[in-house]
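I opened this entry to look up a pocket and some helix packing. The structure goes in first, my notes after it.

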Amino acid sequence: MIPRIALAAVTAVAATAALAGCASSSAPSASTPSSSPSTPPAGAAAGSAFPVTVTAANGAVTIKAKPARIVSLAPTATEDLYAVGAGPQVVAVDQDSDYPANAPVTKLSGLTPNLEAIAKYNPALVIASQNSGGLVSGLTKLGIPVLIEPAVANLAGAYQQIDQIGQATGHLAQAEQTTASMKAQIGATVKQAGASHPYLTYYWELTANPYYSVTSATFIGQIVALFGLKNIADAADQASDGGYPQLTEEYILKAQPQIIFLADNQAADGGQTPAIVAKRPGWSAIPAVKDHEVVGLNDDIASRWGPRLPQLVTEIAQAVEQASK
């Protein structure tokens, strides 16, 4: 998703030409194909049979027994683990995993992993969003299985990743309950707000000065597309942008978006607010600003692709309903 599990990631990638969101800072593109969970052994209770083999982004990974000690090096993976009921097995999470509040946050980094520091937690499983610094090969040599769960391309990929993490940790049944609940919540929200609003245009702001946005081809773009809105960034996209074009201020002013979503409103991500946007030269004439349709999102939720996605969809739906009045 766009991943801070999205903004830090987007900001980092924004420094290069190919933006790819990732929550902890740099990372795989939001268009990276999602991993698919393997099928549980025939006749086995959901998620209860070990050894189990799952196919993650780094290939087939066999987990010999239910992992009693898990280290998460990615904020989305951390949220997934707690959502599927594997929280009691988590012994350490990376420095960017700020949710849930009771997660054992450490100084570990998924961007620049310290293999020795990770190994000190004696993990039976490590989950990360990217294979940085020889993470997979290094830990594999120590007999520690690693799952690489990168940013997903669509909702189906998010659901698959949660199910896969559930299977790998011995909680497939709860993982399937989690994804079923997510699907139901998102479906109900879209139904209430309506799935067709082609007359409403929007601008999704990842960063300001420079102004980076997302196209409809990205994970976030597909989430907003559930409501049938028109994305002003689509016309500016180039192949080299990877779905994250840099827009000029003149382009945004000319496009006159009716809704502006700020994924850079928290202090750590730029501190942009509706009030600050309104004070930008010329922006007061934009319909979204005039009609008070500038939405400050929860940056973490807007940059991750985990179990809190229904909350993001609800934030978008509320803006759509307000703009439709």
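How do the residues of the lining of the largest pocket divide into nonpolar, polar and charged? I worked from a predicted model, and in it I counted nine nonpolar, four polar and one charged residue in that lining.

I then looked up the space and the residues around it. The largest pocket holds about 210 Å³. Its lining has 14 residues, and T62, A124, G143, I144 and P145 are the ones nearest the centre. Two elements, strand 2 (59-63) and helix 4 (135-141), each supply at least two lining residues. Strand 2 gives the most, with four residues.

Next I turned to helix pairs.

Helix 2 (residues 75-83) and helix 5 (residues 155-169) have axes that come within 9 Å and cross at roughly 65 degrees. I noted the crossing of helix 2 and helix 5 as right-handed. On the helix 2 side the contact is made by A77, D80 and L81, and on the helix 5 side by Q161, I162, I165 and T169. By class, I have four nonpolar, two polar and one charged residues in this contact.

For helix 6 (residues 172-193) and helix 12 (residues 309-323) I found an angle of about 0 degrees and axes 9 Å apart. Angles under 35 degrees count as roughly parallel, so helix 6 is roughly parallel to helix 12. From helix 6, M182, Q185, I186, T189, V190, Q192 and A193 meet L309, P310, V313, T314, A317, V320 and E321 of helix 12. I sorted the residues of the contact of helix 6 with helix 12 into nine nonpolar, four polar and one charged.

Technical notes:
Residues numbered from 1 in each chain as written. Predicted model: local features only at pLDDT ≥ 70, side-chain atom pairs only at ≥ 80, totals over all residues. Heavy atoms only, no water. 1 Å grid on protein atoms, 1.4 Å probe; cavity = no way out; pocket = protein on both sides within 12 Å on 5 of 7 lines; lining within 4 Å. Points joined across faces, edges and corners; volume = space filled by probe spheres on them. Nonpolar A, V, L, I, M, F, W, Y, C, P; charged D, E, K, R; others polar. Axes fitted to C-alpha atoms, helices over the stretch in contact; angles between N-to-C directions. Left-handed = near helix turned anticlockwise from the far one by under 90°. Contact = heavy atoms within 4.5 Å. Parallel < 35°, antiparallel > 145°, perpendicular 65-115°, else oblique.
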